Amino acid sequence: MKSGDGLKTYGVQSPPNGGHRHSKRQREGKPLASDALPLPVGLTNKIFMVLFFSASYYLMRRWREKIRTSTPLHMLNLGEIAAIIAQLASFIYLIGFFGIDYVQTFINKSIDGSWDSEDYRVAGVNCQAQPESCTPSISRSPALLKGKSLKEHENEDIAEAVRNGETPSYSLEAELEDCERAAGVRRRAVELTTGRTLDGLPLEGMDYSKILGQCCEMVIGHVQIPVGVAGPLLLDGFEYTVPMATTEGCLVASTNRGCKAIAQSGGASSVVLRDGMTRAPVVRFESAKRAAALKFFVEDANNFDTLSVVFNRTSRFARLQDVYCVLAGRNVYLRFSASTGDAMGMNMISKGVQNVLNYLQSVFPDMEPISISGNFCSDKKATAVNWIEGRGKSVVCEAVLKEEVVRKVLKTSVPALVELNTIKNLAGSALAGALGGFNAHAANIVSAVYIATGQDPAQNVESSQCLTMMEAVNGGRDLHISVTMPSIEVGTIGGGTQLPSQAACLNLLGVRGANAEMPGANAEQLARIVAGSVLAGEISLMSALASNTLVKSHLKYNRSSQNVGALSSMGSSQNISSLAASQSNQNIAALTASLSSQNISAMQTPPLPPSLATNFRHRRTGSASPAEVEKSPKVE
């Protein structure tokens, strides 16, 4: 997903005399009561609260004295009139801010999601209303082809029109009002253009109405990926059957063995250390001094309440946590961190950041926004800032494996695993200059679970940053193993999680959709499951390496048994003859004859001719061969 897509812009009016002012929301053209504040919201609230209670106390004292002296209450002096005005003004403000603004927040609330549906609808097309068709959401004149509307033509004619450039390929869904038909026509146009067939790419069996405007554009089909299950994974007292979408043989089986070892040892436990998605825009000033002024302003605790209110208005669930600034010359990188509920939250936090930038530009008119993302976030890149500060969910998962389980299930020993982890995962990764790659194969499990559950596969880059630790405990008998993963970026709503297959996998884990009682709980639980699955995968692979059974396992599960059998018997002419017969291939039969037991000994690589052998030796040593010297021009 692109970071800046679908962002809404909210206008900001410059405050008079350099004062601080909130950015105004322009939804439906209705300003909120809290927009007209000459001071930061926190300070303004305190002033009016004090004013209201002070005026009320003063009036109560004065009226009590009047009752005691039998003075008519309607007879007011100047001080009492001022107190009444102050009380009414503060009352109106408090009702307006805490009442109207609260109601309008729910009226104007944005749809929660890591990719908000309102931001990623294709202009003029709404595929959510009818499951099998795409209907235009706004009135538009249909495109014509040979005097008739596009959908009245045959698919082959439309494909030819797309190929010839008469009809834009991207407009097929809107024109045909049928997502599957549009995909089929586009697919045929691609075949006509390239001259290559797409017969192996499935078209049927997918609800394309759930894809357009949300997951993919210019659709021509879907790719089939097998989904296996590992488990049960006993994590935090609950059992989970983990779906894994992968084409790598042995991966699911290996993770399943790790789950078995965890379960027989009493289960694993996990803890979420931090939950905050990040976005880091970059802005520029005329000088580094002015850039530093912005840094000091943003990181000043007195200004955080104002920034939070401006940021939080964009969503019910987005809540600003902190802003961290760094300078590169006169450029300022502001790393915003916010909780985003059950959404992965990239689009949600981007909208909030855009709102804050608009507000900051009213305070710093000379600020020049460069990009909503300055790569200090950092999204889809292995970076030190994510490794140290975290991004998304920061999770630690651990288990204590019993000595008997290590010996019987994993076929190795505790000392062997501890030594291998130090030499491979720690020392080996350090020599390689790894950045968060101090593990055996965390990316394998993260990618498989991400694809199965509709996450962004590209975020596997930072989500797979993992530190695997092993040490002997309980007198050296048992093994304590843990994985520390600071940047697991997952969501249970929005994007690919709404597709039927991915939603089914989330439902299998019990975390489908948003958690109505505890917003964010489903996404947090999914992050725990990812970390637990990685723990299982690390246990099994490290055990296979320690016991020297990795190659054997991959030959068993990652290769066709028929091919492995043929490969293992290549030395026997009799077995090769049977393989040739099964393939009904005359060439293989001829090759079998040439590999008969009588001829194998005679099959030696023929020696190179003397001239070629001489030239080859000279090329290896770097000197010119006699032939090259003979052909080289003579210099007199």
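Buried means under 20% relative accessible area, exposed means over 50%, and partly exposed is what lies in between. Keep those cut-offs at hand for the stops below. The model on screen is predicted.

**Start: the whole chain**

Show the protein chain as a cartoon. There are 23 helices and 15 strands. The chain has 636 residues, and buried ones make up 45% of them. Switch to a surface view. Residues 24 or more positions apart account for 70% of them.

**Stop 1: Lys 151 and Glu 177**

Select Lys 151 and Glu 177. They form a salt bridge, with the closest N and O atoms 3.4 Å apart. The pair links distant parts of the chain, 26 residues apart. Lys 151 sits in the loop between β4 (148-149) and α3 (155-164). Glu 177 sits in the loop between α4 (172-176) and α5 (179-194). Is Glu 177 buried or exposed, or partly exposed? Glu 177 has a relative accessible area of 28%, so it counts as partly exposed. Lys 151 is also partly exposed, at 40%.

**Stop 2: helices α1 and α2**

Select residues 41-69 for α1 and 78-107 for α2. Then pick Arg 62. Which side chains meet that of Arg 62 in a salt bridge? Glu 65 is one of them, at 3.0 Å from N to O. Glu 80 is another, at 2.9 Å from N to O. Glu 80 lies in helix α2 and Arg 62 in helix α1, 18 residues apart, so this pair links distant parts of the chain. Glu 65 and Arg 62 both lie in helix α1, three residues apart, about one turn of the helix.

Glu 80 is buried, with a relative accessible area of 0%. Arg 62 is partly exposed at 23%. Glu 65 is partly exposed at 34%.

Helices α1 and α2 each supply at least two residues of the patch. Trp 63 lies in α1. Its relative accessibility is 34%, so Trp 63 counts as partly exposed.

**Stop 3: Ser 270**

Move to strand β7, residues 269-279, and select Ser 270. Ser 270 is buried, with a relative accessible area of 13%. What does its side chain make a polar contact with? The partner is the side chain of Asp 236, at 2.6 Å. Now show the surroundings of Ser 270, leaving aside neighbours within four places in sequence. Leu 235, Asp 236, Val 395, Val 396, Cys 397 and Arg 528 are in contact with Ser 270.

**Stop 4: two cis peptide bonds**

Select Gly 231 and Pro 232. The peptide bond from Gly 231 to Pro 232 is cis, with omega near 10 degrees. Pro 232 is in strand β5, residues 227-235.

Next, select Cys 377 and Ser 378. The peptide bond between them is cis too, with omega near 0 degrees. Ser 378 is in the loop between β11 (368-371) and α10 (384-389).

**Stop 5**

Lys 380 has a positive phi of about 60 degrees, although it is not a glycine. Lys 380 is partly exposed, with a relative accessible area of 24%. With Lys 380, they are linked in a network of salt bridges. A search of the whole structure finds 21 salt bridges.

**Stop 5: Lys 411**

Go to the loop between α11 (403-408) and α12 (414-431) and select Lys 411. Lys 411 also has a positive phi of about 60 degrees and is not a glycine. Lys 411 is exposed, with a relative accessible area of 55%.

**Last stop: the cysteines**

Select Cys 250 and Cys 505. Cys 250 is buried, at 13% relative accessible area. Cys 505 is buried as well, at 12%. How many disulfides does the structure hold? The count is zero.

Definitions and conventions:
Residues are numbered from 1 along each chain as its sequence is written. This is a predicted model: local features need pLDDT of at least 70, side-chain atom pairs count only at pLDDT 80 or more; totals for chains, interfaces and linings use all residues. Side-chain values use heavy atoms; hydrogens and water are left out. Helices (H or I, at least four residues) and strands (E, at least two) are DSSP runs, numbered from the N terminus. Buried means under 20% relative accessible area, exposed over 50%, partly exposed in between (1.4 Å probe, protein chains only). A disulfide is a pair of cysteine sulfur atoms within 2.5 Å. Contact means heavy atoms within 4.5 Å. A salt bridge is a side-chain nitrogen of Lys or Arg within 4 Å of a carboxyl oxygen of Asp or Glu. A polar contact is a pair of N or O atoms within 3.5 Å; within protein, one must be able to donate a hydrogen and the other to accept it, and residues adjacent in sequence count only if both atoms are side-chain atoms.
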